[in-house]
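Visitor: I would like a guided look at the ligand sites of this model. Please keep it brisk.

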Amino acid sequence: AKRTHRAGTVIFNAVQANELNRQKIVEEALVAADLERELSLVYQPITCVGTRRCIGFEALARWQSPRIGRVSPAEFIPVAEHNGRITMMTRLLLSQALAAARQWPDDVYLSFNLSPHDLTSPESTLRIVAIVLKSGFDPRRINFEITETAVMHDFEQASASIQMLRELGCGIALDDFGTGYSSLNHVHKLPLTKIKIDGSFVRDIHTRRTSFKIVKSVLALCAEMELQAIVEGVETEEELRILEGLGVEAVQGFYFGKPMEATATIAVLSPPMLE
Ligand code: C2E
Ligand code: CA
Ligand code: CA
Ligand code: CA
């Protein structure tokens, strides 16, 4: 191959090589992992803005590898999707999440992230349906979060899988709305029940007029389409106030709670009595 001596290119290649190397390390550790022991879930509250009460929890995966330590789901989920271990992961995690959700009151729901893989064949979706049915947990209290990438690969199949989950009684949220390949087409063609507005729009909502306007118009779209909107990544009182002013009903983020162990969720649901 032709070599270039331009510093920028060399540095860029070094960064790419490092990333590839890291990916390989994660991949090898994942293949060897004892998923049942090493994988776990934490739960982040979803809060009703009007009442300040927790109305649900999103389950978020954690992996503690004895070989390479803690790995972020943003890193290992794509690798697991690539090598197929995601099937086993979804199965383990969903059962675990449903067991945790059993301890919550009836009006608190579980939000669970699905991978593209879970929507690419009738079999993989039926496996999810089977886990839900076997758990005995009310499917109407489950919300599955899907991303637009999941839908993009094979729209027809993804759409059929989503329909299957809807018929079971589950809600479906389109995650990270506004990032990536957002297409209004998806919003209108899929049987969705919720939209999760990505935290990146909240980060600078008080300084950037554009972010404010985007959130405002997405909220209007949601109202029009009768979709519930959840705003993610709310970290400060100031952000919350602006969102409240825009009529946002539900939020998620560090302001109301960081992802926590299942045992800690109970305390969030039964706050101490006010004096
Ligand atoms: P996501 O579904 O968009 O999840 C929200 C992410 O934002 C979580 O990162 C959460 O910890 C983080 N977050 C929550 N509140 C705030 C906030 O106020 N500020 C900031 N800066 N961040 C906040 P996490 O847990 O690292 O998960 C990363 C991604 O990995 C998730 O993004 C999701 O796409 C994926 N993921 C996590 N668990 C699962 C899973 O069980 N299955 C699948 N398929 N994907 C998962
Ligand atoms: Ca999510
Ligand atoms: Ca999200
Ligand atoms: Ca995200």
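What follows is a short exchange on the ligand sites.

Guide: This is a predicted model, where local features need pLDDT of at least 70, side-chain atom pairs count only at pLDDT 80 or more, and totals for chains, interfaces and linings use all residues. Residues are numbered from 1 along each chain, chains are lettered from A and ligands numbered from 1 as written, and side-chain values use heavy atoms, without hydrogens and water.

Visitor: Which side chain has an N or O atom 2.8 Å from a nitrogen atom of ligand 1?

Guide: A polar contact is a pair of N or O atoms within 3.5 Å. Gln-44 has such a side-chain atom 3.0 Å from a ligand 1 nitrogen. Arg-62 reaches an oxygen of ligand 1 at 2.9 Å. The side chain at 2.8 Å from a nitrogen belongs to Ser-115.

Visitor: Which residue coordinates both calcium ions, ligand 2 and ligand 3?

Guide: Donors are N, O and S atoms within 2.8 Å of the metal, or 3.2 Å for Na, K and Ca. Ligand 2 is coordinated by Glu-58, Asn-113, Glu-145 and Asp-175, at 2.1 to 2.3 Å. Asn-113 lies in strand S4 and Glu-145 in strand S5, so this pair ties together parts 32 residues apart in sequence. The two ions are 3.9 Å apart, and both are coordinated by Asp-175.

Methods
Polar contact = N/O pair within 3.5 Å; in protein donor to acceptor, adjacent residues only side chain to side chain. Helix = DSSP H or I, 4+ residues; strand = E, 2+ residues; numbered from the N terminus.
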